Every structure is written in C-alpha cells, then in structure tokens.
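Please walk through the pockets of the protein shown here, with attention to what lines them.

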Amino acid sequence: MQVHDLPTALAHYDAALALDSLSYEASWRAAIALLDEGAQIPDTAKSARRDTLYARAERLARRAVVADSMGADGHFALAAAVGRAALTMGQRERIRRAKIIRDEAQRAVALDPRHDGAWHILGRWNAEIMRLSGLSRFLAKKFLGAGIFGQASWEAAVSDMQRAVALDPGRLYHRLELAEIYVDRKRYADARSELAEVAGLPDREIMDSLYRREAEELAAKIADKQ
C-alpha cells in the first residue's frame with residue numbers, strides 16, 4: 001500500500017469504519033496509515049500523539065485479525081503495530097512483545113508466502129535480537145522467559161530480508177534494512193550494492209525521503225570499509 005496523503009486516507013478509512021466497524025479491509029489499512037503517521041515522530045522523543053496513534057493502530061489491527069483470521073494483511077498489520085509500539089517502550093515490554101511480533105509475521109507469510117512486508121518484519125526481528133549483547137539475550141532468556149530469543153540468527157535476518165527485497169525490489173525500506181544487516185555482518189560490498197540501488201530508486205512511500213537520507217549517511221559511513 002502506498003499512501004502519500006495520510007489525513008485524507010485516514011478520513012476515508014474512518015468513514016468506512018463508521019459504516020462497518022468490523023470491516024477487515026478498512027481496519028488493517030487504517031492501522032498501517034496510523035503507523036506511517038506515527039513513524040514521522042522520532043521514537044527517541046516522548047510523544048503522547050505518537051503513542052496514541054500506535055495504540056489505535058494496534059486496536060484496529062487486532063480487529064482486522066478477528067474479522068478475518070485468514071487474511072495475511074491483518075496479521076502483518078498486527079505484527080507491525082506491536083513492533084512499532086515496542087520501539088517506544090522499556091526492555092521488559094519489548095521482550096514480552098517479541099513473541100507476538102514473530103508469531104503474527106509468521107502467520108502472515110504462512111497465509112501469503114509472497115507478503116514482502118511480513119518477510120521484512122521477520123528479517124528485522126532476527127536482526128534486532130542479534131544486535132543485543134550476548135549478556136542481554138542470556139538475561140532475557142533466563143529471567144524474563146524469552147526463550148524465543150534463542151531462535152534468532154543472523155542467517156535468518158539476512159535470508160528473510162533478502163526475500164523481502166526479491167519480492168519487492170523497488171521498495172527502499174527493504175534495501176536499506178538489508179544494507180544495515182550486511183553492515184552488521186561486515187559485508188560492506190554487499191551493503192554498498194544495496195545502498196546504490198536505493199539511490200537509483202524513486203520515492204514511493206511517505207517515509208522514503210527519510211530512508212533515502214539514512215541510506216546516504218550509511219553509504220558515507222562505510223565508504224572506506226573493506
């Protein structure tokens with residue numbers, strides 16, 4: 001879904017939900033639009049507005065899953081909403097939500113193996129956990145009951161994100177995230193290749209100008225790395 005005028009899109013979705021509060025299509029699409037609007041507010045800053053947007057997105061995504069449990073987009077929207085909100089929370093709550101994110105994204109790709117957004121979430125899920133220190137992962141598994149952390153791997157992070165890129169090679173966000181994972185693995189030539197692709201792609205989505213700047217900054221950072 002590519003929406004550039006979020007307020008107008010949300011107004012349409014709200015109108016559809018006013019007519020049918022259980023509309024699957026309107027629920028998951030509104031959830032994604034709310035996430036896009038909230039994502040424009042940095043996660044590092046406290047923001048009641050952003051938190052409200054994310055909370056409503058999660059409610060709507062859960063409603064979509066109830067309306068149609070066999071719809072891949074609903075499970076994707078729920079994984080995305082839970083994940084976005086988790087970025088603004090403390091470590092304990094983020095750990096609690098990790099299983100939900102993974103389960104919902106896996107359900108989405110089981111229902112639609114070509115769902116690039118869900119593969120992206122799985123790739124990022126693996127990468128985010130592997131970026132934690134070994135001690136943090138150990139403590140999470142031992143004291144917080146997050147045994148699922150032991151199932152994360154760099155191999156899965158790479159392969160899942162590569163799948164997202166293969167399914168939608170024109171999406172900047174997929175390529176930027178894959179480049180970042182390559183940097184984590186010190187695969188700098190591969191990272192530069194992905195970032196060069198980002199530079200040559202047109203903007204399609206509301207956040208693409210930000211992703212493009214981040215790609216340029218990362219390219220400069222790794223320019224001399226072998």
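What volume does the largest pocket have? It comes to about 1100 Å³, where a pocket is, on a 1 Å grid over the protein atoms alone, an open set of points where a 1.4 Å probe fits, with protein on both sides within 12 Å along at least five of seven lines, and a volume is the space filled by probe spheres set on the points, joined across faces, edges and corners. The model is a predicted one, in which local features need pLDDT of at least 70 and side-chain atom pairs count only at pLDDT 80 or more, while totals for chains, interfaces and linings use all residues. Residues are numbered from 1 along each chain as its sequence is written, and side-chain values use heavy atoms, with hydrogens and water left out.

The largest pocket is lined by 42 residues, a lining residue having an atom within 4 Å of a point, and Ala80, His120, Ile121, Arg124 and Tyr173 lie nearest its centre. Two or more lining residues come from each of the helices H2 (24–39), H4 (72–86), H5 (91–111), H6 (116–130) and H9 (172–184), helices being DSSP runs of H or I with at least four residues, numbered from the N terminus. H6 gives the most, with 8 residues.

The second largest pocket holds about 370 Å³ of space. Its lining has 19 residues, and those closest to its centre are Asp43, Arg84, Arg124, Leu210 and Glu214. H6, H9 and helix H11 (208–221) each supply at least two residues of this lining, with H9 giving the most, at 4 residues.
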